[in-house]
Amino acid sequence: MDVVMGALPRGLGLVERVVRGELDPRGGPGVVRLAEDSGLDKGQASRLLRDLVDSGVLARDGHEFRAGADLLAVAAEAGPWGVESRALLRRLVIRFGACAYVDVLCGAMVLSVRAELAAWAEFSWARAGRLTPVWCTGAGRALLFDQSREGITGLLGGEDFIGAGGPYAPRTVEDLLLRVTADAARGVAVCESEYDEDVLEVAAPVRDPRGDIVAAVSAVVPHAAARDDRDELVAAIGGAAARLARLLG
């Protein structure tokens, strides 16, 4: 997905404004309105919107933008468990002060299709519809558990790991492969200061009745180094993933 990593928060803000704008009686938002609402100049907004349309996240209808087919398909595939998952994610928010997500794989990125946010999350990119790199997030690693070495190399061989992620993010495909292997053996991905500094992310895959990974459930908490409830969080995420898997059956 050819979204420039440095512009990712702005792009995700545009996605959020497009989805909200579909309910606007004035009609779907266009480039000018989206640029004004997001504080971007028209050229920046136009380039980001073009990338999002090319990726299938957004679609263009004349001068208006709306949610794209890929984004809608992901939401539809969530099924009834997508509705019930909200209470489960809220329990993670309340118990751990976490931002909790249901995530799916979208190329070399992770798309959050459901989000429940803690009070400390003040940024629009933390909400549902966010796109984050697969290589430096817990959700990304959990979604790769069943991928072969060749599959992961093919998926990420053309990606530039530099400039994305926190201080302990993997910087090569080989480094990522080692971390995926270790996490898969545990059944839960644990990432400390990989997406952002001093942030802990824990994630586990959600499997359909055939055993295929269709999503991940993840929780993100601040102050990773000072957490004394890490084991409880890991167990809770594993239980949440198992609960969502049972709802699929």
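**Salt bridges, a sheet and a core**

Trainee: Why is arginine 186 called partly exposed?

Mentor: In this predicted model, arginine 186 has a relative accessible area of 47%. Buried needs under 20% and exposed needs over 50%, so 47% puts arginine 186 in between.

Trainee: And why does aspartate 183 count as buried?

Mentor: Aspartate 183 comes out at 3% relative accessibility. The cut-off is under 20%, so aspartate 183 is buried.

Trainee: What makes arginine 186 and aspartate 183 a salt bridge?

Mentor: Their closest N and O atoms are 2.4 Å apart. The limit is 4 Å, so the pair qualifies. Both sit in helix H8, 3 residues apart, which means about one helical turn separates them. They also belong to a network of salt bridges with Arg141, Asp175, Arg179 and Glu194.

Trainee: Why can such side chains pair at all?

Mentor: Because opposite charges can pair when the charged atoms come close.

Trainee: How do you know that arginine 230 and glutamate 192 meet in a salt bridge?

Mentor: The N to O distance is 2.8 Å, and within 4 Å is what counts, so it's a salt bridge. Arginine 230 is in helix H9 and glutamate 192 in strand S6, so this pair ties together parts 38 residues apart in sequence. Arginine 230, at 23%, is partly exposed, and so is glutamate 192, at 31%.

Trainee: What about aspartate 208 and arginine 210: how do you know they form a salt bridge?

Mentor: Here the closest N and O atoms are 3.5 Å apart. That is still within 4 Å, so the pair counts. Aspartate 208 is buried at 14%, whereas arginine 210 is exposed at 69%.

Trainee: Why are S6 and strand S7 said to pair?

Mentor: Pairing takes at least two bridges, and 4 bridges join S6 to S7, so they pair, running antiparallel. Alanine 189, for one, has alanine 203 in S7 as its bridge partner.

Trainee: What makes S6 an edge strand?

Mentor: Strand S6 pairs on one side only, and so does S5. The open sheet of 6 strands runs S5-S4-S3-S8-S7-S6. Helix H9 lies across S3, S6, S7 and S8, at about 25° to S7.

Trainee: Which residues touch the most other members of the largest nonpolar core?

Mentor: Leu92, Val217, Leu233 and Ile237, out of 52 residues. Helix H9 gives the most to this core, with 7 residues. Beyond its neighbours within four places in sequence, valine 217 contacts several residues, including Leu89, Tyr101, Ile237 and Leu244.

Terms used. Residues are numbered from 1 along each chain as its sequence is written. This is a predicted model: local features need pLDDT of at least 70, side-chain atom pairs count only at pLDDT 80 or more; totals for chains, interfaces and linings use all residues. Side-chain values use heavy atoms; hydrogens and water are left out. Contact means heavy atoms within 4.5 Å. Axes are lines fitted to C-alpha atoms, for helices over the stretch in contact, and angles run from 0 to 180 degrees between N-to-C directions. A nonpolar core is a set of buried Ala, Val, Leu, Ile, Met, Phe, Trp, Tyr and Cys residues joined through side-chain atoms within 4.5 Å. Buried means under 20% relative accessible area, exposed over 50%, partly exposed in between (1.4 Å probe, protein chains only). A salt bridge is a side-chain nitrogen of Lys or Arg within 4 Å of a carboxyl oxygen of Asp or Glu.
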